[in-house]
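Please examine the model displayed below. The report that follows describes its fold and its salt bridges.

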Amino acid sequence: MDSASQKTTSGCKQEPGIFTPEIDRGRCEGKADCVVICPYDVFELDILPPESRKDLGTLAKIKGFVHGWKQAFAVNAEACRACGLCVSACPEKAITLVRR
């Protein structure tokens, strides 16, 4: 195994599919730190759909508008191995790992 492969798997705590990242829509500001740090490409940035915005609080709606409604989405959640890098990297503390 090369050093890059060791780096990506050394912090993994689980097999894929046991935990999934949950993103707090009221906190995420779409800064993409999770996208950059995740070794399994679990996250992508996208625009929060209008139907998902209506339940947000006033402050979250203001932040969403200011940030162009960009947020992180766990589009490949089944690949998550619960390393926790995304949780640590998120400046808004918007990500938690939840057992499926």
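The protein contains five helices and four strands, where helices (H or I, at least four residues) and strands (E, at least two) are DSSP runs numbered from the N terminus. Along the sequence, these elements follow the pattern α-β-α-β-α-α-β-α-β. This is a predicted model, in which local features need pLDDT of at least 70 and side-chain atom pairs count only at pLDDT 80 or more, while totals for chains, interfaces and linings use all residues. Residues are numbered from 1 along each chain as its sequence is written, and side-chain values use heavy atoms, with hydrogens and water left out.

Of the 100 residues in the protein, 33% are buried; buried means under 20% relative accessible area, exposed over 50%, and partly exposed in between (1.4 Å probe, protein chains only).

The whole structure holds four salt bridges, each defined as a side-chain nitrogen of Lys or Arg within 4 Å of a carboxyl oxygen of Asp or Glu. The table lists examples.

| Pair | N to O distance |
|---|---|
| Asp24 and Arg27 | 3.8 Å |
| Lys63 and Glu29 | 3.4 Å |
| Lys31 and Glu92 | 3.0 Å |

Lys31 lies in the loop between β1 and α2, and Glu92 in the loop between α5 and β4 (95–99), so this pair ties together parts that are 61 residues apart in sequence. Lys31 is partly exposed, with a relative accessible area of 45%, whereas Glu92 is buried at 11% relative accessibility. Glu29 also counts as buried, at 14% relative accessibility. A network of salt bridges links Glu29, Lys31, Lys63 and Glu92.
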